[in-house]
Amino acid sequence: MAFVQCSQKSVAGNINCDQSHSEGVKTVAVAINRDDVVITYAANIDGSVNKNEITSLTPVAGKKWIAIQAQGDVPIPTATSSQDAESKRVTDTIQINTGNIGAGFGSEVVAPLTTKGAKFIVIVQRSDNGGDSGDSAFRVYGTGQGVEFSYTEDMNDQATYGCEQFIGVDGNGVKGGSWLFDTDYATTNTLFKALLAANVETA
(Lines give C-alpha, C1' and ligand atoms only; values in the text may rest on other atoms or scores of the structure.)
Protein backbone atom coordinates (compact mmCIF):
# COMPACT_ATOMS: atom_id res chain seq x y z
CA MET A 1 0.00 0.00 0.00
CA ALA A 2 1.23 3.48 -0.81
CA PHE A 3 2.21 5.81 2.03
CA VAL A 4 0.16 8.98 2.39
CA GLN A 5 1.41 11.69 4.73
CA CYS A 6 -1.25 13.89 6.31
CA SER A 7 -0.71 17.29 7.87
CA GLN A 8 -1.35 16.08 11.42
CA LYS A 9 -1.26 12.30 11.13
CA SER A 10 0.73 9.85 9.01
CA VAL A 11 -1.12 6.74 7.88
CA ALA A 12 -0.70 3.94 5.38
CA GLY A 13 -3.18 3.29 2.63
CA ASN A 14 -5.76 5.16 0.60
CA ILE A 15 -6.96 7.44 3.39
CA ASN A 16 -8.88 10.70 3.51
CA CYS A 17 -6.48 12.76 5.62
CA ASP A 18 -9.27 15.08 6.73
CA GLN A 19 -10.95 12.22 8.63
CA SER A 20 -9.10 10.89 11.64
CA HIS A 21 -10.22 8.30 14.17
CA SER A 22 -12.12 9.23 17.31
CA GLU A 23 -12.61 7.45 20.61
CA GLY A 24 -15.72 5.58 21.68
CA VAL A 25 -17.55 2.28 21.28
CA LYS A 26 -21.15 1.79 20.15
CA THR A 27 -23.56 0.24 22.60
CA VAL A 28 -24.31 -3.15 21.01
CA ALA A 29 -21.95 -6.10 21.44
CA VAL A 30 -22.42 -9.69 20.28
CA ALA A 31 -20.83 -12.83 21.70
CA ILE A 32 -20.72 -16.51 20.82
CA ASN A 33 -18.94 -19.51 22.31
CA ARG A 34 -15.65 -20.12 20.44
CA ASP A 35 -16.64 -23.74 19.84
CA ASP A 36 -19.88 -22.64 18.17
CA VAL A 37 -18.50 -20.48 15.36
CA VAL A 38 -16.36 -20.97 12.25
CA ILE A 39 -13.93 -18.09 11.70
CA THR A 40 -12.72 -17.28 8.18
CA TYR A 41 -9.53 -15.23 8.04
CA ALA A 42 -8.17 -13.22 5.13
CA ALA A 43 -4.91 -14.33 3.52
CA ASN A 44 -1.63 -12.45 3.44
CA ILE A 45 0.15 -11.87 0.13
CA ASP A 46 2.33 -14.92 0.78
CA GLY A 47 -0.75 -17.09 1.32
CA SER A 48 -0.40 -17.35 5.09
CA VAL A 49 -3.36 -16.68 7.41
CA ASN A 50 -3.89 -13.04 8.38
CA LYS A 51 -5.01 -13.26 12.02
CA ASN A 52 -5.78 -9.53 12.06
CA GLU A 53 -8.52 -9.63 9.40
CA ILE A 54 -11.66 -11.77 9.62
CA THR A 55 -13.97 -11.92 6.61
CA SER A 56 -16.78 -13.94 8.19
CA LEU A 57 -17.96 -15.62 11.39
CA THR A 58 -20.47 -18.41 10.78
CA PRO A 59 -22.29 -20.11 13.68
CA VAL A 60 -22.32 -23.89 13.77
CA ALA A 61 -25.78 -25.26 12.87
CA GLY A 62 -28.21 -24.68 15.72
CA LYS A 63 -25.97 -22.21 17.57
CA LYS A 64 -26.70 -18.51 18.03
CA TRP A 65 -25.09 -15.24 19.03
CA ILE A 66 -25.86 -13.46 22.27
CA ALA A 67 -26.54 -9.76 21.66
CA ILE A 68 -26.03 -7.31 24.51
CA GLN A 69 -27.38 -3.75 24.47
CA ALA A 70 -25.04 -1.85 26.77
CA GLN A 71 -26.61 0.97 28.77
CA GLY A 72 -25.81 3.44 31.52
CA ASP A 73 -23.79 6.65 31.77
CA VAL A 74 -20.74 4.90 30.27
CA PRO A 75 -22.15 1.79 28.52
CA ILE A 76 -18.82 0.19 27.56
CA PRO A 77 -16.24 1.87 29.81
CA THR A 78 -13.41 -0.51 28.91
CA ALA A 79 -12.41 -2.03 25.56
CA THR A 80 -8.65 -2.27 25.73
CA SER A 81 -5.60 -4.23 24.63
CA SER A 82 -2.30 -4.06 26.50
CA GLN A 83 1.01 -5.83 26.01
CA ASP A 84 3.28 -6.93 28.85
CA ALA A 85 6.71 -5.40 28.27
CA GLU A 86 8.61 -8.54 29.30
CA SER A 87 6.53 -11.48 28.06
CA LYS A 88 5.04 -9.56 25.08
CA ARG A 89 1.74 -11.29 25.85
CA VAL A 90 -1.34 -9.24 24.92
CA THR A 91 -4.31 -8.99 27.28
CA ASP A 92 -7.68 -7.87 25.88
CA THR A 93 -10.28 -6.57 28.34
CA ILE A 94 -13.94 -5.63 27.78
CA GLN A 95 -16.28 -4.19 30.37
CA ILE A 96 -20.00 -3.88 29.53
CA ASN A 97 -22.65 -2.18 31.66
CA THR A 98 -25.90 -3.85 30.60
CA GLY A 99 -28.57 -1.80 32.35
CA ASN A 100 -30.53 -5.04 32.60
CA ILE A 101 -31.35 -7.61 35.24
CA GLY A 102 -33.96 -10.26 35.97
CA ALA A 103 -34.89 -13.91 35.42
CA GLY A 104 -35.00 -13.90 31.61
CA PHE A 105 -31.79 -11.91 31.27
CA GLY A 106 -30.15 -14.14 33.85
CA SER A 107 -30.99 -17.39 32.07
CA GLU A 108 -30.44 -16.28 28.47
CA VAL A 109 -27.44 -13.96 28.84
CA VAL A 110 -25.74 -14.05 32.26
CA ALA A 111 -25.74 -17.84 32.73
CA PRO A 112 -24.28 -18.81 29.33
CA LEU A 113 -21.72 -15.98 29.30
CA THR A 114 -20.37 -16.85 32.74
CA THR A 115 -20.38 -20.66 32.53
CA LYS A 116 -17.18 -22.04 34.04
CA GLY A 117 -14.57 -22.69 31.35
CA ALA A 118 -16.63 -21.11 28.54
CA LYS A 119 -14.64 -18.94 26.14
CA PHE A 120 -16.19 -16.49 23.71
CA ILE A 121 -15.70 -14.50 20.55
CA VAL A 122 -17.00 -10.94 21.10
CA ILE A 123 -17.55 -8.15 18.58
CA VAL A 124 -17.84 -4.45 19.42
CA GLN A 125 -18.13 -1.51 17.02
CA ARG A 126 -16.10 1.69 17.14
CA SER A 127 -18.09 4.91 17.22
CA ASP A 128 -16.15 6.30 14.25
CA ASN A 129 -17.16 3.33 12.05
CA GLY A 130 -13.52 2.55 11.37
CA GLY A 131 -12.54 5.86 9.84
CA ASP A 132 -12.52 6.48 6.11
CA SER A 133 -11.64 2.93 5.00
CA GLY A 134 -13.99 1.23 7.48
CA ASP A 135 -11.55 -1.63 8.05
CA SER A 136 -11.34 -0.97 11.79
CA ALA A 137 -15.04 -0.56 12.57
CA PHE A 138 -15.67 -3.98 14.13
CA ARG A 139 -13.19 -5.21 16.73
CA VAL A 140 -13.24 -8.96 17.38
CA TYR A 141 -12.05 -10.10 20.79
CA GLY A 142 -11.31 -13.69 21.76
CA THR A 143 -9.38 -14.90 18.71
CA GLY A 144 -6.40 -15.58 20.95
CA GLN A 145 -7.49 -17.99 23.67
CA GLY A 146 -11.07 -16.71 23.99
CA VAL A 147 -12.81 -14.16 26.21
CA GLU A 148 -13.78 -15.44 29.65
CA PHE A 149 -16.57 -13.48 31.35
CA SER A 150 -17.37 -12.75 34.96
CA TYR A 151 -19.98 -10.34 36.24
CA THR A 152 -20.76 -8.05 39.13
CA GLU A 153 -24.09 -6.73 40.35
CA ASP A 154 -24.36 -3.72 42.66
CA MET A 155 -27.93 -2.53 43.13
CA ASN A 156 -26.62 0.77 44.52
CA ASP A 157 -24.26 1.52 41.61
CA GLN A 158 -25.54 4.58 39.77
CA ALA A 159 -23.23 4.01 36.77
CA THR A 160 -24.78 0.60 36.02
CA TYR A 161 -28.34 1.45 37.10
CA GLY A 162 -27.92 -1.23 39.74
CA CYS A 163 -27.76 -3.91 37.05
CA GLU A 164 -25.31 -6.49 35.68
CA GLN A 165 -21.82 -5.51 34.60
CA PHE A 166 -19.77 -7.99 32.55
CA ILE A 167 -15.98 -8.11 32.60
CA GLY A 168 -14.40 -10.16 29.80
CA VAL A 169 -10.69 -11.00 29.49
CA ASP A 170 -8.65 -12.75 26.80
CA GLY A 171 -5.24 -13.33 28.39
CA ASN A 172 -3.53 -14.14 25.09
CA GLY A 173 -4.88 -11.67 22.56
CA VAL A 174 -3.76 -11.19 18.96
CA LYS A 175 -1.16 -8.46 18.47
CA GLY A 176 -2.75 -5.54 16.63
CA GLY A 177 -6.20 -7.00 17.25
CA SER A 178 -8.56 -8.97 15.02
CA TRP A 179 -11.08 -7.06 12.93
CA LEU A 180 -14.16 -8.12 10.98
CA PHE A 181 -13.92 -6.63 7.49
CA ASP A 182 -15.24 -7.46 4.04
CA THR A 183 -14.74 -5.02 1.15
CA ASP A 184 -15.92 -1.82 2.89
CA TYR A 185 -17.84 -0.52 5.90
CA ALA A 186 -21.28 -0.93 4.29
CA THR A 187 -20.66 -4.60 3.46
CA THR A 188 -19.21 -5.34 6.88
CA ASN A 189 -22.06 -3.52 8.64
CA THR A 190 -24.52 -5.74 6.76
CA LEU A 191 -22.66 -8.79 8.11
CA PHE A 192 -22.85 -7.40 11.64
CA LYS A 193 -26.58 -6.68 11.34
CA ALA A 194 -27.09 -10.29 10.22
CA LEU A 195 -25.40 -11.42 13.43
CA LEU A 196 -27.76 -9.24 15.45
CA ALA A 197 -30.73 -10.78 13.66
CA ALA A 198 -29.58 -14.22 14.83
CA ASN A 199 -29.17 -13.39 18.52
CA VAL A 200 -30.42 -15.21 21.63
CA GLU A 201 -31.55 -12.06 23.40
CA THR A 202 -31.01 -8.35 22.96
CA ALA A 203 -30.61 -6.95 26.46
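Visitor: Which residues of helix α1 (residues 103-113) are buried?

Guide: Phe 105, Val 109, Val 110 and Leu 113 are the buried residues of α1. These residues cover an arc of only 85° around the axis, which puts them on the same side of the helix. The arc is taken from the directions that lead from the helix axis to the C-beta atoms.

Visitor: What am I looking at, and how are residues numbered?

Guide: Numbering starts from 1 along each chain as its sequence is written, and this is a predicted model, where local features need pLDDT of at least 70 and side-chain atom pairs count only at pLDDT 80 or more, while totals for chains, interfaces and linings use all residues. Side-chain values use heavy atoms, with hydrogens and water left out.

Visitor: What makes a residue buried or exposed?

Guide: Buried means under 20% relative accessible area, exposed means over 50%, and partly exposed is in between, using a 1.4 Å probe and protein chains only. Phe 138 has a relative accessible area of 0%, so Phe 138 is buried. Tyr 185 is at 21% relative accessibility and therefore counts as partly exposed. Val 49 is at 52%, so Val 49 counts as exposed. Across the protein, buried residues make up 39% of the 203 residues.

Visitor: How many helices and strands are there in the protein?

Guide: The protein has two helices and 14 strands. Both kinds are DSSP runs numbered from the N terminus: helices are H or I with at least four residues, and strands are E with at least two. Val 49, for instance, is found in strand β5 (residues 49-59).

Visitor: Which residues is Val 49 in contact with?

Guide: Leaving aside neighbours within four places in sequence, Val 49 is in contact with Tyr 41, Ala 42 and Asn 44. A contact means heavy atoms within 4.5 Å.

Visitor: What makes two strands a pair?

Guide: Two strands pair if DSSP finds at least two bridges between them. Strand β8 (residues 90-97) and strand β12 (residues 164-170) have six bridges and are antiparallel, so they pass that test. Gln 95 stands opposite Ile 167 in β12. Likewise, four bridges join strand β3 (residues 28-33) to β6 in the antiparallel sense, and there Val 30 stands opposite Ala 67. Strand β6 (residues 65-69) is mostly covered, with four of its five residues buried.

Visitor: What order do the strands of the open sheet have, and what makes a strand an edge strand?

Guide: The order in this open sheet of four strands is β7-β8-β12-β11, with antiparallel pairing. The edge strands, β7 (78-83) and β11 (148-153), each pair on one side only. From one strand to the next, the twist averages 15°. Helix α1 lies across β11 and β12, running at about 25° to β12. Axes here are lines fitted to C-alpha atoms, for helices over the stretch in contact, and angles run from 0 to 180 degrees between N-to-C directions.

Visitor: Why is the aromatic pair of Phe 138 and Tyr 185 called stacked?

Guide: Rings of Phe, Tyr and Trp (its six-membered ring) pair if their centres lie within 6.5 Å; planes under 30 degrees apart count as stacked, over 60 as edge-to-face and the rest as tilted. Phe 138 and Tyr 185 are 6.1 Å centre to centre with 5° between the planes, so they pair and count as stacked. Phe 138 lies in strand β10 (residues 138-141) and Tyr 185 in helix α2 (residues 185-197), so the pair ties together parts that are 47 residues apart in sequence.

Visitor: What kind of pair do the rings of Phe 149 and Phe 166 form, and why?

Guide: Their centres are 5.9 Å apart and their planes are at 70°, so this pair is edge-to-face. Phe 149 lies in strand β11 and Phe 166 in strand β12, so the pair ties together parts 17 residues apart in sequence. Both Phe 149 and Phe 166 are buried. Ring pairs link Phe 105, Phe 120, Phe 149 and Phe 166 into a cluster.

Visitor: How do you know that Arg 139 lies over the face of Tyr 141?

Guide: A charge sits over a ring if NZ of Lys or CZ of Arg is within 6 Å of the ring centre and within 35 degrees of the ring normal. Arg 139 is at 4.2 Å from the ring centre of Tyr 141 and lies over its face. Arg 139 also lies over the face of Trp 179, at 5.5 Å from the ring centre.
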